[in-house]
Amino acid sequence: MESNREEGKRIVEVPESEEDDEEEEDDSKRLRSLTPKRRQTSSSGSAQRNCQVEDCTADLSDAKTYHRRHKVCVFHAKAAVVLLTGLRQRFCQQCSRFHDLSEFDEAKRSCRRRLAGHNERRRKSLYDSQ
């Protein structure tokens, strides 16, 4: 497979078939399906550009990609407690989601479930290296 970075398409070599007309149609469909899909945003800005936390009016249009993707401003991503849908929650750095405060240990920014997986992987690599 060759990759053409200029057009963002891959060229796939396929064995020749007997019917050339159908092959040309198939090739164009194949090339279209291998073309990376890009999101089209409207110029009117109809997409939500504000933080998802209640009563937060932070404009995310100039924020980093991470904060725009997860619809959370820098302040609320680092906040210990946030009011979201009437519940007290915290943003998990590992899941990139808001969880109930009960899912966190003390002031940690990652939920217990993700921390447990992280610690398990760390322990496993320690035993492997000995």
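Does Tyr-66 count as buried, partly exposed or exposed, and at what relative accessibility? In this predicted model, Tyr-66 comes out as partly exposed, with a relative accessibility of 30%.

Phe-91 itself is buried, at a relative accessible area of 2%. Phe-91 also pairs with Phe-98: here the centres are 5.2 Å apart and the planes meet at 65 degrees, so this pair is edge-to-face too. Phe-98 is buried as well, and Tyr-66, Phe-91 and Phe-98 make up one aromatic cluster.

Then there is the annotated site. An unreviewed UniProt entry lists Cys-51, Cys-56, Cys-73 and His-76 under "binding site". These residues span 26 positions in sequence, yet no two of their C-alpha atoms are more than 8.9 Å apart, so they gather at one spot. Cys-56 sits in the loop between α1 (20-34) and α2 and is buried, with 14% relative accessibility. Leaving out neighbours within four places in sequence, Cys-56 is in contact with Cys-51, Cys-73 and His-76.

His-76, in helix α3 (residues 74-78), is buried at 13% relative accessibility. Beyond residues up to four places away in sequence, His-76 touches Cys-51, Val-53, Cys-56, Val-82, Phe-91 and Phe-98.

Note on methods
Residues are numbered from 1 along each chain as its sequence is written. This is a predicted model: local features need pLDDT of at least 70, side-chain atom pairs count only at pLDDT 80 or more; totals for chains, interfaces and linings use all residues. Side-chain values use heavy atoms; hydrogens and water are left out. Buried means under 20% relative accessible area, exposed over 50%, partly exposed in between (1.4 Å probe, protein chains only). Rings of Phe, Tyr and Trp (its six-membered ring) pair if their centres lie within 6.5 Å; planes under 30 degrees apart count as stacked, over 60 as edge-to-face and the rest as tilted. UniProt positions are given in the numbering used here, feature names are shortened, and annotations may be inferred rather than shown by experiment. Helices (H or I, at least four residues) and strands (E, at least two) are DSSP runs, numbered from the N terminus. Contact means heavy atoms within 4.5 Å.
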